[in-house]
Amino acid sequence: MTTMMFVNLPVTDLERAKAFYTAVGFTVNPKFTDHNAACVVVEPDHSAFMLLTRDFFQTFSERPIGDPAKDVSVATAIFVDSRDDVDTAVAAGLAAGGTEAQAASDYGFMYQRQLTDPDGNILEFGWMDPVAAEQGPEAYAAQQS
């Protein structure tokens, strides 16, 4: 079975959101983008964000939409190939209007930085040592001793 994951995010300004998400390194798929929504590809054929205007997002649920600028309900973690890639993505996001509310987390085998988009949605960019990713943190610790 082939799977693809879409994370739907409500946004207040679709053009600003597209600019932010392309600044951190993702691409817009124009085939699935219009005045109500934009498909932002994180990894081709695997994962994407659907940026939806708040009015359009509301058509998917009768429950009220929360305000991510006030209440956290999800944090999407995206792991990249290196620590430098983490820093590059966060720097680009900050330049595109994002914020970084807390310091980086560095566990040796894993490095993460949290980036908040202009609407308040949280992205966590991270890197994990390949040994730790494959065998667990204990294997990484044993390798360091």
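The legends below describe close-up views of a predicted model.

View 1. When residues up to four places away in sequence are not counted, Lys18 touches Val28, Thr33, Ala38 and Leu51.

**View 2. The largest nonpolar core.** This core has 22 residues, and those with the most contacts inside it are Tyr21, Phe26, Phe49, Leu51, Leu123 and Phe125. Two or more residues are given to this core by each of β1 (5-11), α1, β3 (37-43), β4 (47-53), α3 (83-95), β7 (110-116) and β8 (122-128), and the largest share, four residues, comes from α1. In soluble globular proteins, nonpolar side chains tend to be buried together.

**View 3. Phe49 and its contacts.** With neighbours within four places in sequence left aside, Phe49 is in contact with Val7, Leu9, Tyr21, Phe26, Ala38, Cys39, Val40, Val42, Thr76, Ile78 and Leu123.

**View 4. Helix α3 and its buried face.** The 13 residues of α3, at 1.5 Å a residue, should span 18 Å, and this agrees with the 19 Å that separate the C-alpha atoms at its ends. Val86, Ala89, Val90 and Gly93 are buried in this helix; seen down the axis of α3, the buried residues fall within an arc of 95°, so they line one face of the helix. On the other side of α3, Asp84, Thr88 and Ala95 are exposed, whereas the cover over the buried residues includes α1, β7 and β8. Just after α3 comes Gly97, which takes a positive phi of about 105°.

**View 5. Met110 in strand β7.** Met110 is part of strand β7 and counts as buried, at 15% relative accessibility. When residues up to four places away in sequence are not counted, Met110 touches Phe79, Ser105, Trp127 and Met128. The C-alpha atom of Met110 is separated by 38 Å from that of Asp55, a residue 55 places away along the chain.

Technical notes. Residues are numbered from 1 along each chain as its sequence is written. This is a predicted model: local features need pLDDT of at least 70, side-chain atom pairs count only at pLDDT 80 or more; totals for chains, interfaces and linings use all residues. Side-chain values use heavy atoms; hydrogens and water are left out. Contact means heavy atoms within 4.5 Å. A nonpolar core is a set of buried Ala, Val, Leu, Ile, Met, Phe, Trp, Tyr and Cys residues joined through side-chain atoms within 4.5 Å. Buried means under 20% relative accessible area, exposed over 50%, partly exposed in between (1.4 Å probe, protein chains only). The expected span of a helix is 1.5 Å times one less than its number of residues. The arc is that of the directions from the helix axis to the C-beta atoms.
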